[in-house]
Amino acid sequence: MKHFKETLYDAVCQEYRIDKMYFESKTSHQHLMIFHNAQLGRVMTLDGIVQTTEADEFIYHEMLAHVPMLAHGNAKRILIIGGGDGGMLREVVKHPIDHVTQVEIDQSVVDMAIEFLPKHSNGAYQDPRLNLVIDDGFNFVKNFANSGEAKFDVIISDSTDPIGPGEVLFTDDFYQYAKQCLADDGVMVTQNGVPFFQADELQNTQQRMSSLYSDMRFYCAPVPSYYGGFMTFAWGTDNTGASAPELSVLQQRFSALGIKTRYYNPAIHGASFALPQYVIDSLTPSTDNIENGQ
Amino acid sequence: MSALDNRPLLTLESVDQPEQQLAHYQQLLKQHGSPLLVFDANVLRNKFESLQKALPGVDLYYAVKAHPDSHIVSVIDALGGGFDIASAGEMDLLLKHKISGRRTIHTHPIKKDQEIRDALRFGATTFVVDNLYELKKLVNYRSRIGVLLRVSFRSESAKVDLSKKFGCSPDEVIELVSAAEKLGIHIKGLSFHVGSQVDNAAKHVEAVHACHSLMEQINLSADKPLSVLDIGGGFPADYALAGFDIQTFCAPIRDALSALPSDWHIIAEPGRYLIAPAVTSITTVAGKSHRNGFVWYYLDDGIYGSYSGQLFDHAVYPLQVFRGGEKHASIIAGPTCDSIDVVAENILMPSLEIGDLIVGHQMGAYTAATKTRFNSLPDAKLIVENL
């Protein structure tokens with residue numbers, strides 16, 4: 001294959017030239033590739049869908065890590081579900097945390113990412129504060145919820161799409177168990193697709209999370225390789241103070257952290273919770289759709 | 001007594017240079033054992049190109065079910081063809097060849113939710129439905145897919161009726177398209193299957209005309225226009241060895257298609273026409289006896305194996321033997337214990353000896369695909385030539 005054509009939608013697709021294939025594995029029902037593209041650097045695809053590219057992964061990882069971490073202000077214990085490429089971990093360990101647990105379903109994804117996408121983890125898998133658990137994310141939160149262990153201040157669900165290996169991470173039960181793993185003032189965030197093309201995903205998440213958290217909302221950032229404009233991230237917390245901190249507070253926390261970012265800054269943080277009108281509208285669908293199909 | 005089996009039978013007298021053919025088959029048996037199926041990739045290439053010429057502008061999607069074999073898939077892949085798939089097993093076969101789901105259409109009208117999800121993971125985005133229950137199953141996936149609505153047009157001449165079990169009536173089309181629109185599902189076009197192995201293209205032509213007018217009518221008011229017409233299969237194999245000409249067969253279909261708007265996408269799902277002539281069966285006479293006035297020959301392959309299509313597919317394959325002379329009423333039976341395992345009953349043929357070969361022609365479609373493992377007999381091995 002000299003070109004990669006995404007299979008996410010029927011009527012449109014993005015096509016990437018494959019300049020050099022680094023890794024390809026085909027197991028039953030699963031097709032993983034890591035290849036080089038002149039424009040985007042190394043690209044990882046799973047089952048015909050772009051997962052991450054070196055050129056724009058910073059937008060996704062910075063926004064899914066730094067927004068909840070800096071909003072919380074004192075996040076010490078972090079849980080990452082998924083995120084085998086290591087990019088999320090890389091951003092999380094830049095914070096003065098005590099502990100991070102990452103739950104990845106497949107050790108080989110971690111090994112493969114360290115070898116073929118080294119810039120994503122950038123050594124973060126060596127961090128002594130990391131507890132890497134190879135398990136199904138659903139099993140993990142289910143078992144942890146009743147374990148009596150110290151809960152997490154921030155939970156980041158860095159999953160694949162709702163169809164595929166990550167599908168249990170889009171179920172009611174997963175969200176309920178995850179909430180039980182979260183400290184009272186904790187924040188949970190999840191990747192939530194590109195609503196321009198995937199409005200249903202936004203509505204499904206809203207239904208699942210809004211009953212669990214006193215404050216449930218979305219924020220967004222455009223990730224070019226997730227074709228279709230803004231990507232949304234779901235935000236759930238009972239800590240209403242975390243949702244809209246003062247800009248000056250964020251600025252203070254961010255400068256105290258002393259890290260360089262390429263997308264995140266305190267102004268973007270606040271602004272990312274402002275949603276385009278089409279996204280707001282798709283959260284309140286007209287009811288004459290699904291139920292009244294006939 | 002059963003009627004005379006009058007299928008084409010090639011003997012020493014009816015073929016040029018049978019010695020060369022025989023030597024070739026014997027060499028294959030010596031090398032690979034018996035029974036065999038021999039796939040000649042050049043024949044498939046030739047048929048694919050002929051059908052492309054006969055239906056210019058029509059995208060061909062090989063019906064993988066006709067013969068789900070890795071070598072066959074690789075030839076179609078190299079020719080740039082698409083694939084008509086209907087199961088997870090067929091998707092796995094394509095995945096082995098790294099064939100993108102974008103080059104497939106999932107044509108099974110009835111699907112379990114897990115099958116839809118598997119197909120989406122594989123990368124298929126075109127699905128076929130023929131009723132409202134099936135449409136509703138697709139609601140969760142509506143942002144990702146385009147749907148073809150299968151319409152039923154039955155051909156009286158089809159040897160295999162594919163419109164009895166699936167397909168909505170043309171009267172239901174407008175209602176279903178509108179129901180889909182309300183469900184947020186995009187029906188991107190219509191599909192039909194007049195049946196397999198039809199004598200002529202009259203039903204194709206009627207169906208093209210009917211779909212054309214339905215689509216035009218819908219497009220007057222639809223939010224999203226219909227622009228795909230899937231004309232299915234039905235293109236026959238030449239089981240009669242009568243010199244079937246695909247150009248002539250397709251001429252009326254070409255005429256009917258030429259009336260369609262030029263920006264519509266026309267696709268077809270040929271299986272039998274492409275692969276039937278590309279595969280030849282070679283069996284060996286394992287035993288012989290004289291019973292009830294017939295000469296019985298017992299082969300090492302039969303109805304439960306490569307000849308399963310005689311039962312499931314209603315096909316009658318032309319046979320070839322490498323003997324000549326006086327013909328006797330004979331019965332050719334397969335290797336299993338079952339009385340149904342008879343390839344040809346009351347066929348007139350020259351006298352054969354144990355160890356002789358019997359060759360079956362046009363045996364690529366719905367042959368190995370429907371074989372069983374009854375009696376735990378070994379399968380005919382598929383040998384590939386000219387890959």
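Buried means under 20% relative accessible area, exposed over 50%, and partly exposed in between (1.4 Å probe, protein chains only). The model is predicted, so local features need pLDDT of at least 70 and side-chain atom pairs count only at pLDDT 80 or more, while totals for chains, interfaces and linings use all residues. Residues are numbered from 1 along each chain as its sequence is written, chains are lettered from A and ligands numbered from 1 in the order in which they are written, and side-chain values use heavy atoms, leaving out hydrogens and water.

With a salt bridge taken as a side-chain nitrogen of Lys or Arg within 4 Å of a carboxyl oxygen of Asp or Glu, the count over all chains comes to 23. One of them joins B:Lys65 to B:Asp84, with the closest N and O atoms 3.2 Å apart. B:Lys65 lies in the loop between β3 and α3 of chain B and B:Asp84 in strand β4 (residues 82-85), so the pair ties together parts 19 residues apart in sequence; strands (E, at least two residues) and helices (H or I, at least four) are DSSP runs, numbered from the N terminus. B:Lys65 is partly exposed at 34% relative accessible area, whereas B:Asp84 is buried at 1%.

In helix α6 (residues 132-137) of chain B, B:Lys137 and B:Glu134 sit 3 residues apart, about one turn of the helix. Their salt bridge brings the closest N and O atoms to 2.5 Å. Here B:Lys137 is partly exposed at 31% and B:Glu134 is buried at 3%.
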